Amino acid sequence: MKDFILHIWDYLREIFVVRLPSFPIAIRCALFLIVFFTTAIAELYIFIAVQRRFLYYRLQRDTIWKNKFSNILGNMIVYGENETNEAIVQHFLPRFERMSIHRSSVRRILVQQLLEYRESFSGNTSQVLRDIYLGLNLDQYPKKKLRSRLAKDKAAAIRELSLMQVPGLVDLISAYADKSVDVANVDAYSALLRLDKVNPLGVLNTIQQPLSDWGQLMLFDAIIKTPGINIPAFSTWLASANDSIVLLCLKLIAHFQQHEAIPMLLNLLAHQNVEVRVWAVRVLGKLEDPLCEGELVTIYPNESLIVKSEILGALGKIASGEQIDFLRSCTTAPEFEIRNKARELLKAQEKSGTMLSNNTVDSNGVLHHALNGF
Amino acid sequence: MSGMFHTIGQILSSVALYYALCLIAVYAVLAFFSGLEMKRYILRNKGVKHRDILSSPHAPSVSILVPFNNQAAIVLEKVRLLLSLHYNDFELIIINDGSTDNSLKKLINSFNLQRADVLLNERVATAAVKGIYRSSDPAFSRLTVVDKLNGGRCDALNAGVNVSGNELLLCLNINCMLEPDALLRMVKPFMESRIQVIAAGAVVRSINASDIVRGQAVAFSTPRGLQAKFQVLRHLRSSLLRHMALSRFNSLLHVSRAVAMFHKPTLISCGGFMPECVENNAELVIRMKRYMIDNLLPHRIILIPDKICWLIPPGNPAAAAVQYQNSIRGTADGLRSHARALFNPTYKWLALSSASMFFSKLIAPVIEFTLCVSLLGLAAFGYIGWQPVLIVASMVYLFCVSMSLLAIAYEELTFRYTLNFSLSKLFAASILEPLFYYPVSLMWFFGSRKGNVAQPAATSLHVSMVTAEPQVPIAVAPVKNLNADKFANCEIRNLTIRNRQVLDE
């Protein structure tokens with residue numbers, strides 16, 4: 001066996017050392033790659049094994065610290081009902097200070113726990129958690145991260161600071177907002193909404209970049225869920241040059257049922273962006289104002305299929321009963337969606353289906369479909 | 001004569017060496033960009049609360065299409081699991097593709113299904129639909145069951161497309177297991193991108209030795225059997241080291257058959273799934289891309305590397321062979337249908353990626369087989385030395401092993417699915433895989449050329465691609481209608497849409 005290994009060793013030595021200069025360049029490349037891949041395999045194996053060990057150790061350590069912090073936070077939540085917030089903070093702050101929060105790994109777990117609890121609780125408990133966070137000066141670390149070049153660090157810092165409602169950061173965060181299209185962008189907008197006590201919705205004036213559907217959803221969520229925001233008339237932004245802001249405001253108008261926006265909404269029916277027109281019609285339907293019906297019927301003939309379908313949907317929601325003849329005329333429209341929707345609307349207005357049977361119904365099948373119980 | 005063989009041997013060994021070096025360079029570049037793309041995905045989604053989509057009224061509606069054929073043993077459990085997915089607004093459409101067992105009866109009894117009179121807007125042609133069932137129980141209001149004549153998986157999916165009422169379609173294999181928040185993760189790229197995302201695939205991971213509790217994989221352990229381990233390595237390598245890079249450059253043509261989300265208007269404009277294709281998605285994705293390029297519409301096709309979908313890999317070589325051959329056949333069908341796009345500079349990245357797919361899936365095995373056999377033969381007869389052959393073979397072998405380990409390292413750094421797998425067993429599998437799996441897969445490759453692939457039942461339908469507006473007729477092929485005369489007046493001529501009443505038999 002020893003001889004065999006020595007033989008192999010000699011053979012490899014001959015190829016990789018002695019005869020190497022005499023090989024053509026391609027073979028030398030191949031020999032170099034063989035050495036490279038062999039090393040890579042060994043390194044990858046060791047890397048995976050060490051990484052697993054490290055992860056296992058880190059998980060164990062995190063679990064221990066997590067349990068410690070959970071215990072203290074649990075005690076804090078049930079501590080003296082009649083105590084003031086200051087007293088609770090004074091009582092528990094030294095306990096946290098005694099932990100090794102100067103170590104980044106421990107601090108990370110504490111911050112994670114504080115954020116989780118802050119999201120889960122409201123009222124005094126939430127306030128106490130914020131005071132503990134500020135009392136331990138934990139805000140200094142995300143503030144440093146705000147200057148990071150990495151967007152993900154910035155986004156995480158912005159999220160943390162906005163959730164803890166750290167004061168005096170509006171100018172700092174607004175500097176990042178709208179600078180570039182990155183992950184920190186929408187987070188910065190949402191943070192401004194939460195932190196700016198004077199003009200939280202002023203951020204809608206500053207957004208220049210078009211917001212994606214995801215960005216709109218996040219901002220919508222932040223606006224409707226942040227307590228203490230004085231809800232303005234969102235029709236103010238319906239004239240914005242940024243169509244994504246217009247779309248966001250249309251969704252907000254529908255959510256807050258702002259009927260005073262109807263004249264502006266009617267103006268939007270002539271908007272060049274079909275998505276804006278669709279949403280304007282949809283919001284008009286959700287506001288259920290019978291006075292809009294005439295305008296919707298007027299624009300109907302010149303609209304695209306998607307807007308036509310939306311107009312029928314809006315008429316169905318308003319359901320004043322004034323547009324029965326129009327709906328009947330739609331039951332003979334060439335487009336399947338329109339015919340189908342018109343029949344469903346007529347059926348919704350009268351369960352027996354008399355309105356349908358009086359009409360020029362193409363077949364019994366259509367009638368059955370419209371009167372379907374599902 | 002001897003001199004000629006000697007010269008041929010010299011030439012072939014040089015060709016093999018340069019060929020291997022080129023492939024190594026290409027795969028190394030792809031692996032590098034895949035790493036970057038995965039990092040980008042993780043950074044974009046770090047700290048994102050996917051549940052925000054769940055509670056939002058503005059999240060897009062999704063239709064889940066699940067075709068099945070004779071799956072009475074699992075269909076009830078799968079429907080229950082899918083109905084419990086975490087998402088606000090989705091409908092579940094189960095398509096019975098002409099099952100001859102009692103699966104439909106089971107569904108009807110378990111979910112209180114009743115036949116519904118539904119006028120189908122048949123935007124893509126399918127085999128005749130026998131009935132549509134919906135539940136009278138409000139708890140199952142999201143469930144629709146379509147009963148149709150057998151026409152194959154693609155035909156069943158087309159029937160689901162006609163029934164669905166939402167803009168996003170999630171096409172799912174009934175054997176797949178989805179994570180509870182899979183829909184949230186799959187929908188996000190569609191909302192996030194300012195360019196229209198027309199299709200999204202996901203990395204499918206295997207669970208053949210994992211603990212499954214209430215339809216969820218809770219503890220992963222090393223797959224049992226060498227075949228299953230090889231499959232895991234193969235999937236990880238192709239998804240994490242190759243497809244992610246293609247996704248970065250918007251050149252992805254491989255969207256998994258197991259789970260894929262499509263933008264319905266684009267899908268319908270392209271004519272839906274093509275029933276003739278076994279492995280439909282490669283052909284469909286090329287068709288969708290061609291449609292978008294022809295109409296100058298910006299688009300994206302993406303791959304989601306997250307933990308979304310689980311599948312039990314084929315445990316025996318016969319099943320693995322069928323799967324492999326289906327994949328080869330699907331690629332061949334797709335590329336044959338779109339041969340014009342293959343080297344057409346008009347299509348730029350599509351031309352390049354389809355040409356590279358053509359080469360890697362259909363040409364490379366032939367070249368590699370030829371080179372291996374010729375070099376081994378020439379070396380055996382002494383026309384060339386063993387040394388250059390061994391050097392090239394060692395280089396390629398070590399490269400394959402290192403790629404497998406790199407894929408495992410990527411996975412462990414990101415989604416950690418292989419974390420509880422035995423490293424030594426995975427390492428052993430990655431050492432053995434190039435020696436055993438690769439020669440066997442070459443055999444399967446040549447088997448697939450003989451046409452012994454399991455084909456779905458053929459249909460007489462043909463769906464043509466439409467590059468103009470959707471108002472142009474797209475489904476004009478005659479569909480066998482059970483009672484067509486009675487409802488002839490449903491047909492409105494010269495229009496895009498043919499309406500067909502779903503009837504009692």
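Helices here are DSSP runs of H or I with at least four residues, and they are numbered from the N terminus. Welcome to a predicted model, in which chain B has 14 helices and 14 strands.

**Chain B as a whole**

- Chain B has 505 residues, and 48% of them are buried.
- Take the contacts in chain B between residues at least 6 apart in sequence: 79% of these join residues at least 24 apart.

**The ten-stranded sheet of chain B**

- Ten strands of chain B make an open sheet with mixed pairing, and their order is β3-β5-β6-β2-β1-β7-β12-β9-β13-β8.
- The edges belong to β3 (113-116) and β8 (177-178) of chain B; each has a single partner strand, so one side of each lacks a neighbour in the sheet.
- Strand β2 (residues 90-97) of chain B runs parallel to strand β6 (residues 143-148) of chain B, and six bridges join the two.
- Within that pairing, Asp97(B) has Lys148(B) of β6(B) as its bridge partner.
- Helix α5 (residues 153-163) of chain B lies across β1 (62-68), β2, β5 (129-135), β6 and β7 (168-172) of chain B. Its direction is at about 140 degrees to β2(B).

**Strand β9 and its two partners**

- Strand β9 (residues 196-206) of chain B is largely enclosed by the rest of the structure, because nine of its eleven residues are buried.
- On one side, β9(B) runs parallel to strand β13 (residues 299-311) of chain B, with nine bridges between them.
- β9(B) also pairs with strand β12 (residues 259-263) of chain B, this time in the antiparallel sense and over three bridges.

**A mostly covered helix**

- Helix α6 (residues 182-192) of chain B is mostly covered, with nine of its eleven residues buried.
- The buried residues of α6(B) include Leu183(B), Leu184(B), Val187(B), Phe190(B) and Met191(B). Arg185(B) and Lys188(B) in α6(B) are buried too.

**Helix α2 of chain A against chain B**

- Helix α2 (residues 25-78) of chain A packs with helix α13 (residues 386-414) of chain B at an angle of about 25 degrees, and their axes are 8 Å apart.
- Angles under 35 degrees count as roughly parallel, and α2(A) and α13(B) are therefore roughly parallel to each other.
- The crossing of α2(A) and α13(B) is left-handed. The residues in this contact are 23 nonpolar, four polar and one charged.
- α2(A) also meets helix α1 (residues 2-45) of chain B; here the axes come within 10 Å and cross at roughly 45 degrees.
- At that angle α2(A) and α1(B) are oblique to each other, and α2(A) passes α1(B) in a left-handed crossing.
- From α2(A), the residues Ala26(A), Cys29(A), Ala30(A) and Leu33(A) meet Ser14(B), Leu17(B), Tyr18(B), Leu21(B) and Ile24(B) in α1(B). By class, this contact of α2(A) with α1(B) has eight nonpolar residues, one polar residue and no charged ones.

**Single residues worth a look**

- Most residues other than glycine have a negative phi.
- Gln257(A) has a positive phi, near 50 degrees, and is not a glycine. Gln257(A) counts as exposed, with 11 C-beta neighbours inside 10 Å.
- Asn250(B) is another non-glycine residue with a positive phi, of about 55 degrees. Its place is in the loop between α7 (226-248) and β12 of chain B.
- With 16 other C-beta atoms within 10 Å, Asn250(B) is partly exposed.
- Asp171(A) lies in helix α8 (residues 170-176) of chain A, and it is exposed, with 8 other C-beta atoms within 10 Å.
- Asp171(A) and Asp196(A) are 25 residues apart along the chain, and their C-alpha atoms are separated by 9.3 Å.

How values were computed
Residues are numbered from 1 along each chain as its sequence is written. Chains are lettered from A and ligands numbered from 1 in the order in which they are written. This is a predicted model: local features need pLDDT of at least 70, side-chain atom pairs count only at pLDDT 80 or more; totals for chains, interfaces and linings use all residues. A residue is buried if 20 or more other C-beta atoms lie within 10 Å of its own, exposed if 12 or fewer, and partly exposed in between; C-beta atoms are placed from the backbone. Two residues are in contact if their C-beta atoms, placed from the backbone, lie within 7 Å. Axes are lines fitted to C-alpha atoms, for helices over the stretch in contact, and angles run from 0 to 180 degrees between N-to-C directions. Angles under 35 degrees count as roughly parallel, over 145 as roughly antiparallel, 65 to 115 as roughly perpendicular and the rest as oblique. A crossing is left-handed if the near helix is turned anticlockwise from the far one by less than a right angle, and right-handed if clockwise. Ala, Val, Leu, Ile, Met, Phe, Trp, Tyr, Cys and Pro count as nonpolar, Asp, Glu, Lys and Arg as charged, and the others, Gly among them, as polar. Two strands pair if DSSP finds at least two bridges between them.
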